[in-house]
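I opened my notebook and went through this structure piece by piece. These are my entries, in the order I made them.

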Amino acid sequence: MRMKAVAVAVFGGPEALGVVDLPEPHAGPGEVRIRVHAATVNPTDIGLRAGMYRARLADRKPPYVPGMDAAGQIDEVGRGADWQVGDRVLAIVLPTGPHGGAYAEQVVVPADSVVQVPTGADFVAASTLPMNGLAARQALDKLALQPGRTLGVLGAAGAFGGYVVQLAKADGLRVIADASEADEDLVRQLGADIVVRRGEGIAQRIRDAVPEGVDGLADGTLIDGDALPAIRDGGGLAVVRGWEGPSERGITIHSVRVSDYAHHQAALDRLREQVEAGVLTLRVARTFSSDQAAAAHRQFEAGGTRGRLVIEF
């Protein structure tokens, strides 16, 4: 049997993506196969397509299938996996792993990378939760701020930043977040206590609002060291692209790698519960068919999208 997937044979721009016909995968022990209905476009997908992960794929033959978020129905259960055919699920997927990514009609994942779709959510909305939700949760876990402490969030209108704001408020933190003029109302609705204008000079604007400096800061904008002046002595900075410093004034740099939470089923299920409780907001900007994947990548790279772009299968 065969399946349709969106993949890249030669690394490059959005035009490198194409619809291909691949052998259908099968679930092994401790695994499930998902009939994918929705897969979200994320920065990691852009990186895989462009060749950023070629070293991790060196022992695999093309085509390579991107995609870290999947939502759909289980259609095959491996030995020892505690799921049933027909279960409506979402999953975190590692596209550099042995089974490839989520841009496919079917994907095989470990059973502990899967949770039920939140009650009331469709597959498109549910697909926006796993990667960015887990990255936000990991950032907060690494910063480990106690209730009442102050957290700075950069890129607060984005998928990662928006989840950080909402999860931080649920954790009892005071949140100061950045936003453009157009996004200020959105960021306030997400729960930020203080909103400052994003862009050059953001660290000073945070200091103007919080003279002592924030206790921790989650950076979804990749400004790395330029964020340090906003943080108090001995505070923490959570980064999403592996920047390692140098730091200053005893500030600890925490690297967020969502792959470290790929088997953290309890964390993913807690995110599901928080969606059902109204703590987290699933935001979809636009959907695309599988043969429009290149257009989805172009729109993502153009910037300014609020909510996630989702490819439907």
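**Entry: Asp 171.** I noted that the model is a predicted one. I started with Asp 171, which I found in the loop between helix 4 and strand 9. The cut-offs are under 20% for buried and over 50% for exposed.

I then looked for contacts of Asp 171, leaving aside neighbours within four places in sequence. Arg 137, Leu 140 and Pro 147 came up. I also checked Gln 146, which is 25 residues from Asp 171 in sequence. Their C-alpha atoms are 8.2 Å apart in space.

**Entry: Gly 172.** I moved on to Gly 172, in the loop between helix 4 (159–170) and strand 9 (174–179). Gly 172 has 34% relative accessibility, so I wrote it down as partly exposed. Beyond its neighbours within four places in sequence, Gly 172 is in contact with Pro 147 and Gly 148. I looked up Arg 283 too, 111 residues away along the chain. The C-alpha atoms of Gly 172 and Arg 283 are separated by 23 Å.

I picked out one pair inside it. Strand 11 (residues 214–219) runs parallel to strand 12 (residues 231–239), and five bridges link the two.

**Entry: strand 6.** How many residues of strand 6 (residues 106–110) are buried? I got four of the five, so this strand is largely enclosed by the rest of the structure. Strand 6 pairs with strand 3 (residues 31–40) over five bridges, in the antiparallel sense. Opposite Pro 110 of strand 6 I found Glu 31.

**Entry: helices 3 and 7.** I checked how helix 3 (residues 130–143) meets helix 7 (residues 265–276). Their axes come within 10 Å and cross at roughly 105 degrees. Angles of 65 to 115 degrees count as roughly perpendicular. Helix 3 and helix 7 are therefore roughly perpendicular to each other.

Which residues meet there? From helix 3 I listed Pro 130, Gly 133 and Leu 134. From helix 7 I listed Ala 267, Leu 268 and Leu 271. By class, this contact has five nonpolar residues, one polar and no charged ones.

**Entry: Arg 272.** I stayed in helix 7, where Arg 272 lies. Its relative accessibility is 13%, so Arg 272 counts as buried. Setting aside neighbours within four places in sequence, I found Arg 272 in contact with Val 115, Gln 116, Val 117, Pro 118 and Leu 129.

**Entry: helix 8.** Last, I looked at helix 8 (residues 293–302). Its buried residues include Ala 293, Ala 294, Ala 296, His 297 and Phe 300. These cover an arc of only 155 degrees around the axis, so they are on the same side of helix 8. What do the buried residues of helix 8 pack against? I noted strand 1 (2–8), strand 2 (17–23), helix 1 (43–50), strand 14 (284–289) and strand 15 (308–312). Gly 303 follows helix 8, and its phi is positive, near 80 degrees.

How values were computed: Residues are numbered from 1 along each chain as its sequence is written. This is a predicted model: local features need pLDDT of at least 70, side-chain atom pairs count only at pLDDT 80 or more; totals for chains, interfaces and linings use all residues. Side-chain values use heavy atoms; hydrogens and water are left out. Axes are lines fitted to C-alpha atoms, for helices over the stretch in contact, and angles run from 0 to 180 degrees between N-to-C directions. Angles under 35 degrees count as roughly parallel, over 145 as roughly antiparallel, 65 to 115 as roughly perpendicular and the rest as oblique. Contact means heavy atoms within 4.5 Å. Ala, Val, Leu, Ile, Met, Phe, Trp, Tyr, Cys and Pro count as nonpolar, Asp, Glu, Lys and Arg as charged, and the others, Gly among them, as polar. Buried means under 20% relative accessible area, exposed over 50%, partly exposed in between (1.4 Å probe, protein chains only). The arc is that of the directions from the helix axis to the C-beta atoms. Two strands pair if DSSP finds at least two bridges between them.
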